[in-house]
Structure formats: C-alpha cells, structure tokens
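The structure is shown first.

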Amino acid sequence: MTDPFADIQEILFTEEQITGRVRELAAAISRDYAGRAPLLVSVLKGAVYFLTDLTRALAVPVEIDFMAITTYGSAKAQSGVVRLIKDLDVEITGRDVVLVEDIIDTGLTAGYLLRLLQARAPASLRICTLLDRPYRRILETLDIAYRGFEVPDRFLVGYGLDYRERYRHLPFIGVLKNEVLAAGAPAAPPTARDAASPSAAGPPDAGAAEP
Amino acid sequence: MRSRSPAGDGHPRFAHASEAEFARILDFYGVRWEYEPRSFPLRWDARGRAIESFNPDFYLPDLNLYIELTTLKQSLVTKKNRKLRRLRELYPDINVKIFYGRDYRQLLLKYGMAPAGDRQLAPR
C-alpha cells in the first residue's frame with residue numbers, strides 16, 4: 001500500500017493557517033484600495049490558488065488577469081532570454097495594478113515582470129506575495145507591499161507550488177523530502193483528499209512560520 | 001575585467017561550469033553582469049603589496065551587488081567565509097552576497113536543473 005504522504009517531510013503551513021493569512025492580506029489590500037478597483041495580475045501557474053482565495057476575501061471590486069512566461073531551464077526557454085507566452089488581455093495604463101505571486105525567491109522573475117508592467121504606465125504597481133524567501137534574494141531592492149509568510153530555505157510544495165508539475169493541488173504548504181528531490185521524480189503524489197488529513201503527515205511545524 | 005551584457009555573445013572564459021550557468025540565468029532574466037571585475041586586497045606585506053585578495057565572481061551593476069558562488073567542498077568554504085568577513089571589515093560599503101553550494105543547487109533545482117544523484121539538495 002502506498003502512503004500518499006510519502007513525499008512530504010513536514011507541513012509548514014496548514015490549510016487553516018493559509019486561509020487566515022490570506023484573509024489578513026485581503027483586508028490590507030481592501031483597506032489600501034478603498035474606493036478603487038485594482039487589477040490583480042497573476043503569473044501562471046503557481047499563484048492561481050492564492051489569487052483565487054485572495055480575491056474571494058477582498059472587500060473591493062477587482063479585475064483579474066494572467067500572464068505566462070518561460071522559465072529558465074524549461075523546454076520552451078531555448079532562446080536564452082525570458083519570453084512572454086501569454087500577455088495580459090486588458091490594458092493597464094492608468095490602472096492600479098497588484099502583481100500577485102505565489103513565492104518570491106531570487107526576485108529575478110518578479111523583477112522582470114515589474115519592468116514589463118511598469119513600461120505600460122500603470123497608475124500604481126505593487127507586489128503581493130504569499131511566500132517570501134529572502135535568503136537567496138538577488139534583487140534586494142524589490143519592494144514587497146503585501147507579504148504572507150517569510151519562509152526558510154527549503155523546497156516547498158502545495159497550494160500552487162510544484163515540483164515538476166506535481167503537488168500543486170495540496171491544500172497545505174509542505175516541505176518536500178530530500179529523497180524525492182535527489183531522485184528527480186515524485187514517488188507517490190498524494191491526492192487532495194488524502195492531503196486533507198493532517199494526521200497522515202504529522203503535526204504542522206508552526207514554529208517554522210514567520211507571519 | 002571581463003564584462004558582459006544580457007543576451008549578447010561571447011561569454012568570458014569561466015573558471016567553473018556553475019559560473020557559466022549562473023551567467024545564463026542572469027542573461028535569461030535580463031540582469032546585466034560583469035565577471036570578476038574587481039579584486040579587493042585583504043592583506044598586504046611589509047612593502048604594501050597585496051598578498052591576499054578577494055575576487056567576487058560577478059558584479060551586477062544595476063543592483064550594485066557582488067555575487068560569489070561557492071560550490072566547493074566545505075573545507076574551502078570555511079576559508080572563503082573568513083575572506084568574506086575580512087572583506088566586509090575592510091570594505092563596509094561593498095554589497096556582496098555569497099551563494100553556497102546548497103543555495104546554488106536549490107537555485108538550479110528551482111529551474112528543474114539539479115544534477116542527478118545529488119544528495120545535498122535540501123538543507124539539513
């Protein structure tokens with residue numbers, strides 16, 4: 001019998017912790033954008049889960065739009081430079097724009113997107129990220145307006161975060177086992193239903209979270 | 001100094017394959033870089049000649065940031081850490097960031113490029 005949690009070392013943030021923090025971020029955005037209707041721009045695919053929950057908790061009217069870019073090392077990234085796979089459907093000139101990210105690590109991707117969006121002359125442009133991992137930050141000047149959790153230098157999956165396109169659907173954010181990373185492929189990806197049972201993976205490590 | 005701009009031709013001759021990979025990552029995201037542009041003397045002999053120096057691998061001019069990659073074994077990392085501390089003492093205005101082997105492997109892993117069989121991918 002295969003243990004569906006075989007690949008998860010520990011849960012860093014439970015579904016409840018994520019929900020609570022997302023609501024706090026939504027309250028802050030709602031307060032800052034009172035009387036306005038910001039456009040929330042998200043990058044496919046990792047931030048989709050966060051964007052969905054964030055928008056449902058907002059108290060101001062919003063629009064959403066999506067972008068997709070090539071990532072370094074992907075099969076589509078043969079040109080040597082980052083390339084826009086999907087552009088926004090709406091014009092952002094004169095709009096209040098919030099770039100919604102799942103995680104900011106080196107800041108290189110966010111930096112590229114900010115340059116791209118800033119060139120289109122929005123009225124304002126802010127960053128909202130669920131997870132911030134400043135340890136390897138290269139773009140140290142990146143100004144993050146809304147930050148969910150600061151996370152340690154560990155490989156995280158779940159709630160949109162993937163490893164080789166797996167584990168996105170997990171309702172929590174967990175640390176992937178070293179063995180899975182070393183092997184280069186997941187042993188037994190869990191299902192969403194299995195992941196909903198916290199007892200299977202042990203108690204969450206609340207001490208690792210820095211809200 | 002060996003200098004390069006994003007997406008151009010003619011990479012310098014890198015001392016290590018990891019440096020070449022890092023340069024390609026910077027190119028990919030449009031971050032300008034220079035390779036080993038400056039040497040920082042750390043110790044001098046009685047005649048004032050530098051007998052030890054630190055040469056960061058990369059300088060990112062738009063970020064005013066030096067980056068040192070350390071993918072070497074732990075014994076050499078200790079020596080490099082000592083030099084880095086000395087650098088920060090002597091040149092407090094210099095902004096330098098060091099990427100250790102583990103950091104670098106995590107970075108490659110993020111892009112799905114971790115070397116197969118690497119057993120040190122995640123922090124212990």
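## Buried arginine, cores and a helix crossing

A:Arg133 has a relative accessible area of 9% and is therefore buried (under 20% relative accessible area, 1.4 Å probe, protein chains only). The model is predicted: local features need pLDDT of at least 70, side-chain atom pairs count only at pLDDT 80 or more, and totals for chains, interfaces and linings use all residues. Residues are numbered from 1 along each chain as its sequence is written, chains are lettered from A in the order in which they are written, and side-chain values use heavy atoms, without hydrogens and water.

A:Arg133 lies in the loop between strand S6 (124-132) and strand S7 (146-150) of chain A (strands are DSSP runs of E, at least two residues; helices are runs of H or I, at least four). Among the residues that A:Arg133 touches are A:Asp105, A:Asp153 and A:Phe155 (contact means heavy atoms within 4.5 Å).

A nonpolar core is a set of buried Ala, Val, Leu, Ile, Met, Phe, Trp, Tyr and Cys residues joined through side-chain atoms within 4.5 Å.

| Core | Residues in core | Members include |
|---|---|---|
| Largest | 45 residues | A:Ile138, B:Phe22, B:Trp33 |
| Second, separate | 28 residues | A:Phe13, A:Val100, A:Cys128, A:Tyr159 |

Contacts of B:Phe22 include A:Ile138, B:Phe58 and B:Tyr104.

In H1(A), A:Val22, A:Leu25, A:Ala26 and A:Ile29 meet A:Phe50, A:Asp53 and A:Leu54 in H2(A).

Notes
Buried < 20%, exposed > 50% of the residue type's maximum accessible area, 1.4 Å probe, protein only. Lists of a residue's contacts leave out its neighbours within four places in sequence.
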